Amino acid sequence: MPSVFTAGSQHEQVVFCMDPASGLRAIIAIYSTALGPALGGTRFHPYADEDAALLDALALSKAMAYKAACAGLDLGGGKAVILGDPDRDKSEPLLRAYGRFVASLGGRYITACDVGTYVEDMDVIARESRWVTGRSPEHGGSGDSGILTAYGVFEGMRACARHLWGTPSLAGRRVAVCGVGKVGRRLVGHLLADGARVVAADVSRAALERLRAEYPDVETHADPDVLVETDADVYSPCALGAALTADVVGALQARVVCGAANNQLADADVDKLLAAAGVLYAPDFVVNAGGLIQVSDEIQGYSQERAQAKVSGIFASTLEVLTLAEQTGITSTIAATQLAERRISEVGRLRRILVPQTS
């Protein structure tokens, strides 16, 4: 086992999954089930090696636990990663083999979509396991979780505007959106509808072309680094994680950072650098919880209206985090972590009270 796992990890369970015939190599990490089964997506990515994949699974599963707690869900945190190129290596046998491993955990882990996996993949995985969310509407699911992820980030951004500028609106503000895939593109739509001016960037030509076709007036760039030094009120990282480094903070022009990407901070010190620079940072695991809320609603039978109403609560949860940080003089990430850990401790301990099972 890679040495990174022994370096202070507090995860409940980590499962290494292999099926040589299909080419499956996967890792399922469960950080906590104190509040309920661990729900988190499956990321299909060409990692450099197993250590890199494990690091990602450990970090993402911990963030999912905090995300669920801050969102008020009775769910724990988990994440899975499949090592490989999804465009080349993904196949029905591989996905179904992975589904068997998910099923073997007996409901401790519930999976969903993430980078490199899609609704149709969840339908395949579900042929081997009933602990799958993010399924197609044809199979009783909610479809693409990017829809409410984008809406939740928009609500978090509105909370930032309320905290910093006194009004919960982005009207007249310039927002730099880095990454316009299935979440970022929808976020652009919310921002424009609210009266914001948007500048966007993505390394994918196809993503930019799709954005231009839908929103021809949006300024676009092929180099995401351009957005860091752009004169904007809000910088919104919506691609992969670790986008916020010390160098980025030093060059950043925006007053607010609020985006959909997971694990945006390259290291823990970046949060302090943002605060020292006077940049209001909305912790990613608070504002990007919309997708988790959406797929979690499938567990009880999906309702679009109910799920969207829950996602609207991200405005209040973000404002609570920002207010606590300001009142106590701590960073927003520490404030959000404290609120999450408090709920995991206070509510999770109730599971020690035995409730007799009825047949």
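**Contacts, cores and a pocket in a predicted model**

Visitor: Leaving aside its neighbours within four places in sequence, with which residues is Asp19 in contact?

Guide: Once neighbours within four places in sequence are set aside, Asp19 is in contact with Leu24 and Ala97. Please bear in mind throughout that this is a predicted model. Asp19 belongs to strand β1, residues 13-19. Between Asp19 and Pro93 there are 74 residues in sequence, yet their C-alpha atoms are 9.6 Å apart in space.

Visitor: Is Asp19 buried or exposed, or does it fall in between?

Guide: The relative accessibility of Asp19 is 25%. Buried means under 20% and exposed means over 50%, so Asp19 counts as partly exposed. Arg25, in strand β2 (residues 24-32), is also read as partly exposed because its relative accessible area is 40%.

Visitor: Which residues touch the most other members of the largest nonpolar core?

Guide: That core has 41 residues, and those touching the most other members are Leu24, Ile28, Ile82, Tyr98 and Tyr109. Helix α3, residues 92-104, gives the most to this core, with 5 residues. A second, separate core has 29 residues, including Met157, Val188, Leu208 and Leu322.

Visitor: What does Tyr109 touch, not counting residues up to four places away in sequence?

Guide: On that count, the residues touched by Tyr109 include Ile28, Ile30, Ala38, Tyr98, Val102 and Trp131. Gly40, Gly41 and Gly78 are also among them.

Visitor: Where does Ser296 lie, and is Ser296 buried or exposed?

Guide: Ser296 lies in helix α11, residues 290-296. Its relative accessible area is 9%, so Ser296 is buried. Beyond its neighbours within four places in sequence, Ser296 is in contact with Leu39, Leu73 and Leu75.

Visitor: How is empty space in a model found?

Guide: A probe the size of a water molecule is rolled over the atoms, and this shows where empty space is left. Here, the second largest pocket holds about 290 Å³ of space. It is lined by 16 residues, of which His163, Ala275, Val279, Leu280 and Tyr281 are the closest to its centre. The elements giving two or more residues to the lining are α5 (146-165), α9 (269-276), β12 (280-281) and α13 (314-328). By class, the lining of this second largest pocket has 9 nonpolar, 4 polar and 3 charged residues.

Visitor: What is the phi of Asn263, and where is Asn263 found?

Guide: Phi of Asn263 is near 50°, a positive value in a residue other than glycine. Asn263 is found in the loop between β11 (256-257) and α9. With a relative accessible area of 24%, Asn263 is partly exposed.

Terms used: Residues numbered from 1 in each chain as written. Predicted model: local features only at pLDDT ≥ 70, side-chain atom pairs only at ≥ 80, totals over all residues. Heavy atoms only, no water. 1 Å grid on protein atoms, 1.4 Å probe; cavity = no way out; pocket = protein on both sides within 12 Å on 5 of 7 lines; lining within 4 Å. Points joined across faces, edges and corners; volume = space filled by probe spheres on them. Helix = DSSP H or I, 4+ residues; strand = E, 2+ residues; numbered from the N terminus. Nonpolar A, V, L, I, M, F, W, Y, C, P; charged D, E, K, R; others polar. Core = buried A, V, L, I, M, F, W, Y, C linked by side-chain atoms within 4.5 Å. Buried < 20%, exposed > 50% of the residue type's maximum accessible area, 1.4 Å probe, protein only. Contact = heavy atoms within 4.5 Å.
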